[in-house]
Amino acid sequence: SLQSHIGASQDISTKEGRSKAIKMFGMAATTFGHLRTDLMEGESKDDNPSADLSSPALLMSEYINLAQGQYCAYEAATNRPTQLHGLLAKIAAAAADLYGKALEHSQDPILKARLPDTSKSYGAHLKTMSIYFRAR
(Lines give C-alpha, C1' and ligand atoms only; values in the text may rest on other atoms or scores of the structure.)
Protein backbone atom coordinates (compact mmCIF):
# COMPACT_ATOMS: atom_id res chain seq x y z
CA SER A 1 0.00 0.00 0.00
CA LEU A 2 1.04 3.60 -0.46
CA GLN A 3 1.28 4.12 3.31
CA SER A 4 3.86 1.34 3.55
CA HIS A 5 5.95 2.97 0.84
CA ILE A 6 5.74 6.36 2.57
CA GLY A 7 6.73 4.74 5.89
CA ALA A 8 9.70 2.99 4.30
CA SER A 9 10.91 6.21 2.70
CA GLN A 10 11.14 8.11 6.01
CA ASP A 11 14.46 8.98 7.61
CA ILE A 12 14.17 6.97 10.82
CA SER A 13 17.34 8.52 12.19
CA THR A 14 15.21 11.56 13.09
CA LYS A 15 12.40 11.74 15.64
CA GLU A 16 10.00 13.19 13.05
CA GLY A 17 10.90 10.50 10.51
CA ARG A 18 10.38 7.68 13.02
CA SER A 19 7.08 9.15 14.14
CA LYS A 20 5.76 9.44 10.58
CA ALA A 21 7.07 5.98 9.67
CA ILE A 22 5.32 4.40 12.68
CA LYS A 23 2.08 6.16 11.74
CA MET A 24 2.32 5.11 8.08
CA PHE A 25 3.17 1.48 8.86
CA GLY A 26 0.21 1.35 11.25
CA MET A 27 -2.09 2.77 8.59
CA ALA A 28 -0.77 0.27 6.03
CA ALA A 29 -1.35 -2.65 8.42
CA THR A 30 -4.88 -1.42 9.01
CA THR A 31 -5.47 -1.16 5.26
CA PHE A 32 -4.28 -4.72 4.65
CA GLY A 33 -6.41 -5.93 7.57
CA HIS A 34 -9.44 -4.15 6.12
CA LEU A 35 -8.84 -5.67 2.70
CA ARG A 36 -8.59 -9.13 4.22
CA THR A 37 -11.50 -9.04 6.66
CA ASP A 38 -14.00 -6.70 5.06
CA LEU A 39 -13.44 -7.04 1.35
CA MET A 40 -11.85 -10.41 0.63
CA GLU A 41 -13.73 -12.41 3.28
CA GLY A 42 -16.99 -10.46 3.35
CA GLU A 43 -20.03 -10.57 1.10
CA SER A 44 -17.94 -9.66 -1.94
CA LYS A 45 -15.56 -12.58 -1.36
CA ASP A 46 -13.80 -13.82 -4.45
CA ASP A 47 -13.30 -17.59 -4.28
CA ASN A 48 -10.18 -17.39 -6.44
CA PRO A 49 -8.41 -14.07 -5.78
CA SER A 50 -5.05 -13.23 -7.29
CA ALA A 51 -2.17 -14.43 -5.11
CA ASP A 52 -1.42 -10.93 -3.81
CA LEU A 53 -5.00 -10.62 -2.53
CA SER A 54 -5.13 -14.05 -0.94
CA SER A 55 -5.60 -14.21 2.80
CA PRO A 56 -2.01 -15.41 3.45
CA ALA A 57 -0.53 -12.57 1.38
CA LEU A 58 -2.68 -9.95 3.10
CA LEU A 59 -1.85 -11.38 6.53
CA MET A 60 1.84 -11.41 5.66
CA SER A 61 1.65 -7.77 4.53
CA GLU A 62 -0.29 -6.78 7.64
CA TYR A 63 2.28 -8.39 9.96
CA ILE A 64 5.24 -6.98 7.99
CA ASN A 65 3.91 -3.47 8.45
CA LEU A 66 3.23 -4.01 12.14
CA ALA A 67 6.77 -5.38 12.53
CA GLN A 68 8.26 -2.43 10.65
CA GLY A 69 6.44 -0.11 13.04
CA GLN A 70 7.97 -2.02 15.97
CA TYR A 71 11.37 -1.70 14.31
CA CYS A 72 10.93 2.08 14.24
CA ALA A 73 9.80 2.07 17.88
CA TYR A 74 12.93 0.08 18.74
CA GLU A 75 15.08 2.66 16.95
CA ALA A 76 13.31 5.42 18.89
CA ALA A 77 13.97 3.64 22.18
CA THR A 78 17.66 3.18 21.36
CA ASN A 79 18.01 6.91 20.65
CA ARG A 80 16.85 7.95 24.11
CA PRO A 81 19.45 9.69 26.28
CA THR A 82 18.92 6.98 28.91
CA GLN A 83 18.40 3.49 27.56
CA LEU A 84 15.56 1.57 29.16
CA HIS A 85 16.71 -2.01 28.70
CA GLY A 86 13.42 -3.55 29.82
CA LEU A 87 11.54 -1.47 27.26
CA LEU A 88 14.03 -2.38 24.53
CA ALA A 89 13.61 -6.06 25.36
CA LYS A 90 9.80 -5.84 25.16
CA ILE A 91 9.86 -3.98 21.84
CA ALA A 92 12.42 -6.42 20.40
CA ALA A 93 10.34 -9.42 21.51
CA ALA A 94 7.21 -7.94 19.94
CA ALA A 95 9.07 -7.21 16.68
CA ALA A 96 10.47 -10.76 16.61
CA ASP A 97 6.98 -12.20 17.10
CA LEU A 98 5.50 -10.02 14.35
CA TYR A 99 8.28 -10.90 11.90
CA GLY A 100 7.77 -14.55 12.85
CA LYS A 101 4.04 -14.36 12.11
CA ALA A 102 4.75 -12.70 8.77
CA LEU A 103 7.24 -15.51 8.05
CA GLU A 104 4.60 -18.15 8.79
CA HIS A 105 2.20 -16.57 6.30
CA SER A 106 4.94 -16.13 3.67
CA GLN A 107 5.38 -19.90 3.70
CA ASP A 108 1.70 -20.68 3.19
CA PRO A 109 1.16 -23.34 0.48
CA ILE A 110 -0.91 -20.89 -1.60
CA LEU A 111 1.95 -18.40 -1.76
CA LYS A 112 4.62 -21.06 -2.24
CA ALA A 113 2.66 -22.48 -5.18
CA ARG A 114 1.59 -19.25 -6.84
CA LEU A 115 4.49 -16.93 -5.92
CA PRO A 116 7.46 -19.23 -5.24
CA ASP A 117 10.21 -16.62 -5.70
CA THR A 118 8.40 -14.05 -3.58
CA SER A 119 7.67 -16.61 -0.89
CA LYS A 120 11.31 -17.65 -0.79
CA SER A 121 12.83 -14.15 -0.76
CA TYR A 122 10.34 -12.74 1.75
CA GLY A 123 10.73 -15.84 3.88
CA ALA A 124 14.51 -15.42 4.03
CA HIS A 125 14.26 -11.74 4.96
CA LEU A 126 11.53 -12.27 7.56
CA LYS A 127 13.42 -15.15 9.16
CA THR A 128 16.54 -12.98 9.38
CA MET A 129 14.62 -10.11 10.99
CA SER A 130 12.90 -12.43 13.45
CA ILE A 131 16.23 -13.93 14.52
CA TYR A 132 17.83 -10.47 14.69
CA PHE A 133 15.20 -9.21 17.13
CA ARG A 134 15.22 -12.40 19.18
CA ALA A 135 18.95 -11.81 19.71
CA ARG A 136 18.36 -8.27 20.93
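**Entry 1: the model.** I noted at the start that this is a predicted model.

**Entry 2: helix α2.** I looked up helix α2 and found that it runs over residues 15-40, which makes 26 residues. From its first C-alpha to its last I read 36 Å, close to the 38 Å expected at 1.5 Å a residue. Where does α2 bend? I found a bend of about 25° at H34.

**Entry 3: the buried side of the list.** Next I asked which residues of α2 are buried. My list holds G17, R18, A21, M24, F25, A28, A29, F32, G33, R36 and M40. I then checked what covers them, and the cover includes α1 (2-8) and α3 (55-78).

**Entry 4: R36.** I picked one name from that list, R36, which is found in helix α2. Why does R36 count as buried? Its relative accessible area is 15%, and the cut-off for buried is under 20%, so R36 falls on the buried side. Leaving aside neighbours within four places in sequence, I saw R36 in contact with E41, S55, L58, L59 and E62.

**Entry 5: the rings.** I turned to aromatic pairs and got a count of 4. One of them joins Y71 and F133: the ring centres are 5.8 Å apart and the planes stand at 90°, so I wrote this pair down as edge-to-face. Y71 lies in helix α3 and F133 in helix α6 (residues 116-135), so the pair ties together parts that are 62 residues apart in sequence.

**Entry 6: buried or exposed?** I looked up both partners. Y71 is partly exposed, with a relative accessible area of 23%. F133 is buried, at 1%.

**Entry 7: another partner for F133.** How are the rings of Y99 and F133 arranged? Their centres are 6.0 Å apart and their planes are at 10°, so I noted the pair as stacked. Y99 lies in helix α4 (residues 85-106) while F133 lies in helix α6, so this pair ties together parts that are 34 residues apart in sequence. I checked burial here too, and both Y99 and F133 are buried.

**Entry 8: the cluster.** Which residues form the aromatic cluster? I wrote down Y71, Y74, Y99, Y132 and F133, which form one cluster. My two ring pairs above, Y71 with F133 and Y99 with F133, draw their members from this cluster.

Methods: Residues numbered from 1 in each chain as written. Predicted model: local features only at pLDDT ≥ 70, side-chain atom pairs only at ≥ 80, totals over all residues. Heavy atoms only, no water. Helix = DSSP H or I, 4+ residues; strand = E, 2+ residues; numbered from the N terminus. Expected span 1.5 Å × (residues − 1). Bend = angle between axes of the 7 residues up to and from the residue. Buried < 20%, exposed > 50% of the residue type's maximum accessible area, 1.4 Å probe, protein only. Contact = heavy atoms within 4.5 Å. Phe/Tyr/Trp six-rings, centres within 6.5 Å; stacked < 30°, edge-to-face > 60°.
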